[in-house]
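The sequence and structure come first, and the text after them can be read with both in view.

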Amino acid sequence: MKIIYHCFGGSHSSVTAAALHLGLLNKDSLPTWEDLIMLPYYDKTSDADFGSIRYMGTDEFGHEVYVLGKKSLGDRYSSILMGVAQLLQRQDQLLLVNCTGVLNWSMKLGGFTSRRMRLVSIGRPVVSWGTQQAFRQLVNLVETARLRATQSLQGHIN
Amino acid sequence: MKIIFVGSTGVHHSLIAANIYLEKLDQADYQNLNLWGDLDKEALGFPIFVNNDRWGNSVYSLGVGADVLMVVKSIKQLVKMLNCSERDLIVTPVFIKRERLVLLLHTVGCNKFLNQIFLPIIGYLLKKEFAFIRQQVREFKSGADLPKCHFRH
């Protein structure tokens, strides 16, 4: 199964969620600023990355985990991509997880300052702090996604 | 094979392009076009089935908002990720010169009452774009490695 975590820029909440899914971050302890910055793609994307489905890794069940920045399209992006998967009769191979629901003002403001205004030294600490504040919600989101993916896998086995 | 015409809305210019491709529309008369301005279909966010072409390929229209190329990029990538190719699904963008204005009118006319007011205005604007849309469909037909290779007798 392909699991795509998507958010506005594909740079913060989706990357953190994908990292949690892959075990790159410990779900039981709050990540430090350094932990977050070390993650691949975290606060490192450019405008050209919008719409690119970027591979983050493969989890212990063989699910491929990706991140995607989709601007302000919200849940519509899930419908669009799932609709395409349905046309290809591959909908059972795809799980889309919208991470924009966990975004807080610090993440929005810090992300905008760092990525759009390119004021990294100002924006990055703000967005990292915001990510820490949203961390528990991201853990819940990822746990739900992992459960859905596992259930889907068991459905295939059974 | 599936062919998806992608535009900022799925029930206006991309629908026109799909119908031109299907040879069901040869002049800018949209009022009787099936699914024209259909808000319910558009709201679902899924590709809208228009019809099958003469070769048996299913033709769809899809509305994706302002950034059409971003979504086209994602769809093309997704097709490859799902171990499919352009022989399974082709996606082609449809542009108009009054893109922002049509999208704005479509967004403002988000309920059925307002849609009845704005739809004729959108229709009027798109009449001026008909030749441009038809040109894009011609280029798509001539450039794409398509349907003839899946000819159904």
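The account below takes the interface, then the sheet of each chain, then the salt bridges.

The model is predicted, so to speak of local features a pLDDT of at least 70 is needed, and side-chain atom pairs count only at pLDDT 80 or more, while totals for chains, interfaces and linings use all residues. Residues are numbered from 1 along each chain as its sequence is written, chains are lettered from A and ligands numbered from 1 in the order in which they are written, and side-chain values use heavy atoms, with hydrogens and water left out.

**Interface**

Chain B brings 27 residues to the contact and chain A brings 29 residues, contact meaning heavy atoms within 4.5 Å. The two chains bury about 2200 Å² between them, with 68% of it on carbon and sulfur atoms. Buried area here is the accessible area (1.4 Å probe) that two parts lose on being put together, summed over both. Of the area that chain B buries against chain A, 28% comes from B:Met70, B:Met81 and B:Leu82, more than from any other three residues.

Polar contacts across the interface of chain B and chain A involve 11 residue pairs, both residues at pLDDT 80 or more. Such a contact is a pair of N or O atoms within 3.5 Å; within protein, one must be able to donate a hydrogen and the other to accept it, and residues adjacent in sequence count only if both atoms are side-chain atoms. On the side of chain B that touches chain A, β1 (2–7), α2 (39–44), β3 (58–63) and α3 (68–81) of chain B each supply at least two residues. Helices (H or I, at least four residues) and strands (E, at least two) are DSSP runs, numbered from the N terminus. With nine residues, α3(B) gives the most to that side.

**Sheets**

In chain B, four strands form an open sheet in the order β2-β3-β1-β4, with mixed pairing; two strands pair if DSSP finds at least two bridges between them. Its edge strands are β2 (48–52) and β4 (89–93) of chain B, each pairing on one side only. In chain A, an open sheet of four strands also has the order β2-β3-β1-β4 and mixed pairing.

| Strand pair | Sense | Bridges |
|---|---|---|
| β1(B) and β3(B) | parallel | six |
| β2(B) and β3(B) | antiparallel | four |
| β1(A) and β3(A) | parallel | six |

B:Gly7 has B:Gly63 in β3(B) as its bridge partner, and B:Phe49 stands opposite B:Tyr60 in β3(B). The hairpin of β2(B) and β3(B) has five residues between the strands, and B:Gly56 takes a positive phi near 90° there. Helix α3(B) lies across β1, β3 and β4 of chain B and runs at about 170° to β4(B). Axes are lines fitted to C-alpha atoms, for helices over the stretch in contact, and angles run from 0 to 180 degrees between N-to-C directions. In chain A, A:Lys2 has A:Glu64 in β3(A) as its bridge partner.

**Salt bridges**

Over all chains the structure holds 12 salt bridges, each a side-chain nitrogen of Lys or Arg within 4 Å of a carboxyl oxygen of Asp or Glu. A:Arg146 forms one with A:Glu60, with the closest N and O atoms 2.3 Å apart. A:Arg146 lies in helix α6 (residues 135–157) of chain A and A:Glu60 in the loop between β2 (54–58) and β3 (64–69) of chain A, so the pair ties together parts 86 residues apart in sequence. Between chain B and chain A the count is two salt bridges. The side chains of B:Glu42 and A:Arg76 meet in a salt bridge at 3.5 Å, N to O.
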